[in-house]
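Visitor: I would like to learn how to read a sheet and a core in a model. Please show me.

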Amino acid sequence: MAKELAKQYNPLEVEAKWVEKWANEPFTADALSDKPPFCIVIPPPNVTGNLHLGHAFDNAIIDTLIRFKRMQGFEALFQPGTDHAGISTQVQVERALREEGKSKYDLGREQFLERMWAWKEKYGGIILGQLQRLGISADWSRTRFTMDEGLSKAVRKQFVELYHKGLVYRGERIVNWDPVSQTTLSELEVDREERQGKLYTLAYELEDGSGAIQIATVRPETIFADQAIAVHPNDERYKNWLGKKVRIPLTDRFIPIITDEAVEMDFGTGALKITPAHDPTDFEIGERHNLARPSVIDLDAKLTGNLVPERFRGLERFEARKVVVNALEEEGSLIEAKDYTVSLGLSQRTKEPVEPIVSLQWFYNTDEVATRILKALDDKEISIFPERYTKVNRDWLEKLRHWNISRQLWWGHQIPAWYDDAGTIYVPDPENPELDCDKDPRYAHLNLKQDPDVFDTWFSSNLWPFSTLGWPDLDDPFFKKFYPTSVLVTGYDILFFWVARMEIAGYEFTDQRPFDHVLLHGLVLDEQGQKMSKSKGNGIDPLEVMDEFGADALRFATTYASTGGQDIRWDGRRVEMGRNFNNKLWNATRFAFMHLESEKGSLGLDEGKPETLAERWIMSRLQRAIKAVTTQLEAYDLGLANRAAYDFVWSEFCDWYLEAAKPALYEGNARSRYILRTVLIDILKLLHPMIPFVTSEIYEALGFEEQLGMANWPLADESLIDPDAEASFEHLKNAVVGARNLRAEANISPQQSINLYIQGAGAKTLEENARVFESLAKATLLSEAPGGAALNQVVPDLELKLPFEGLIDVNDWKARQEKRLADLRKNLAMSEKKLSNSKFVDNAPAAVVEEERRRMAESQALISGIEQSLKQLH
């Protein structure tokens, strides 16, 4: 017997019940089953973070696919876990220490790390609870953390193997430096921001005094580290200058003029000052020409060193810029300073402009494996959705620089490299990577100290698709069953960073792709199309959205918006649309239960083929909906899947079928009850991956012991697709719509019954289904054409006639319509007068002008309709 549903759907009450159930009884995966595998690993959120809209989109999409595949009969694993998020987590703890008047150095590394782990224990996992609130069906028993024992072993094995292959090395290269957090940063940890700056044109005098070469720079404070002036080899302007030397302004030092193809002839003057220590492009040019790379900016972003004139030493870089520019002007070396938009790199965590510096760091040479991945992309080993991002993936891999994998932090995986007093490097043996070198008997005679740096966070999350499955244990049943994983879901903005680095790790360590498919979604923007941020105050808190509308409503909005990898403008109306849809489904089910249940229990069902037109039509439409939703989910187009399901349930099942089925249901037709229950069950299955809470609750209320998430996905029955029934029911729908239009034209109440005469090719269908039509249209069909005044309505294959006799006084109706016409013509004249006034159109707010245009169009349409009604009256 089915359970009675509450009169109103309460999402918070229902969702709390299922959140608890799915947390305590997670959807576990069986690595030893015979079912085909389907696995998606979670993009690991910051362990101490909070749920934001990006997480909500990622995980709603992932969970929709996981639930869909699980119902299709796959052994589906949604692998959960969190990232230690080195810099962002350490910044939080250091901020807390500052409030106590302390720094990490006051505690020392060991005590500081104890504080870090305590912080992780206190706040870590909050986000997992928030993801559970979203309803994701992860296997929580397998939750991993990038610094847990197993993943730490994987990270160490990665480094040790790469070192002994000669693919990681310690050397000086240019890196992003955060002067506040005092660490290098990956490109992903740097936000680019357009800011108004200046482009300075400086004169570098030739050594022989015969003239000066002009160069353009946005960083005049770095001129003291210049090593050359470079021009393009094809630039005719400087052909006679090559090999000459010029003086660095404000100094007595001279540097050569060289050629390099990296110089852009149309930027500035076409001559570029080469400062290898403070610009990535200059560094590469310097490498090609064996230039020295002295640094004049220290780790605190202040000018330093003997190359810097004494009066500028110790100045902060931006303050130094002002002072240096003034000095250049006084010397006569400043030719011009004009406004210029600069793309400034900002530390994501501290918001401080990053400083490109040359630093001794650990680097990973990914050149060889990148070539392997490019071939894999050509061979379609990995498919990216949308496909256009394959080119973006390729472009990044082709331009890949050696990856700086060391960070000057304490929170993270400490680099397993040791140094003796002479600076010689020692790394554990590949056969025993867990044995620290200072514990290795072979080095007992040495005084070894471990490198204090830790690995870049991405040097652990790059292993995520296989380290979470047990690697490096190649016999782990989960690794054997679920690797390569099936799909990776993430925002396109980290395609270059995380996705490509997982590809690198996958081919380097497992000799195969880490995932079959990559599904990229766009960034979530605010309603004006701006990127959401705390500083702008335009962020949307998904937890607040769920508290107000329910998690299903949020999931509905996210899947609805998931189309083609485009950026997504947040629209709160989509959440309201989801809430209204859930309520509609709930109320439709309550109506169904009225006919499926009695006080004594479930009413009898007559299983069999559909018989009435309404039954044949809805079963045919259901098969098409199953095919459409399945096809779109298989293609990872969740937006189209959402729309197909929504349109079928709202427009066809609720608006038409339930109304058309009422005569048979109220008569107690057992076959009609069976069809109603069958369609309802398949609807719940189709909707479940997208809105799991409300569908699970209703499915349980239908009396099923096994929860909906474990039920079989519906399969379309081609024999039930009935084009004749669809065509006939379309006639019925058109006739009902026509009857409603006539009722509205005649200003007759929806509750008042009317008489209708219908003729045309579709009339036979209506006669055969008169009971259903009369119920839907609240009308009585006339067998003969009526005389007297009447309104006509023509729809495809049908003409409907509504006689006025006994309903409406013709003269009274005409008088009312004439009065409406007069009022509308008056309104139209006012609108036309306003809109013909150029002062109004040019000066009034755009929204006001647009509203006036809308009123004018509405008046015109109403006037046309009333005039047509008066003409056809006879």
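Visitor: How many bridges join E10 to strand E11?

Guide: Strands of a sheet pair through backbone hydrogen bonds, either parallel or antiparallel. In this predicted model, three bridges join E10 to E11 (residues 254-259), and the two run antiparallel. Strands (E, at least two residues) and helices (H or I, at least four) are DSSP runs numbered from the N terminus; two strands pair if DSSP finds at least two bridges between them. Val 246 stands opposite Ile 255 in E11.

Guide: Two notes on conventions. Residues are numbered from 1 along each chain as its sequence is written, and side-chain values use heavy atoms, without hydrogens and water. Local features need pLDDT of at least 70 and side-chain atom pairs count only at pLDDT 80 or more, while totals for chains, interfaces and linings use all residues.

Visitor: What is the order of the strands in the open sheet?

Guide: The four strands are ordered E10-E11-E9-E12, with mixed pairing. E10 (245-247) and E12 (271-274) are the edge strands, each pairing on one side only.

Visitor: Which residues have the most contacts inside the largest nonpolar core?

Guide: A nonpolar core is a set of buried (under 20% relative accessible area, 1.4 Å probe, protein chains only) Ala, Val, Leu, Ile, Met, Phe, Trp, Tyr and Cys residues joined through side-chain atoms within 4.5 Å. The largest here has 194 residues, and Phe 159, Tyr 657 and Phe 773 have the most contacts inside it. Helix H20 (residues 638-666) gives the most to this core, with 14 residues. A second, separate core of 29 residues includes Ile 213 and Phe 312.

Methods. Buried means under 20% relative accessible area, exposed over 50%, partly exposed in between (1.4 Å probe, protein chains only).
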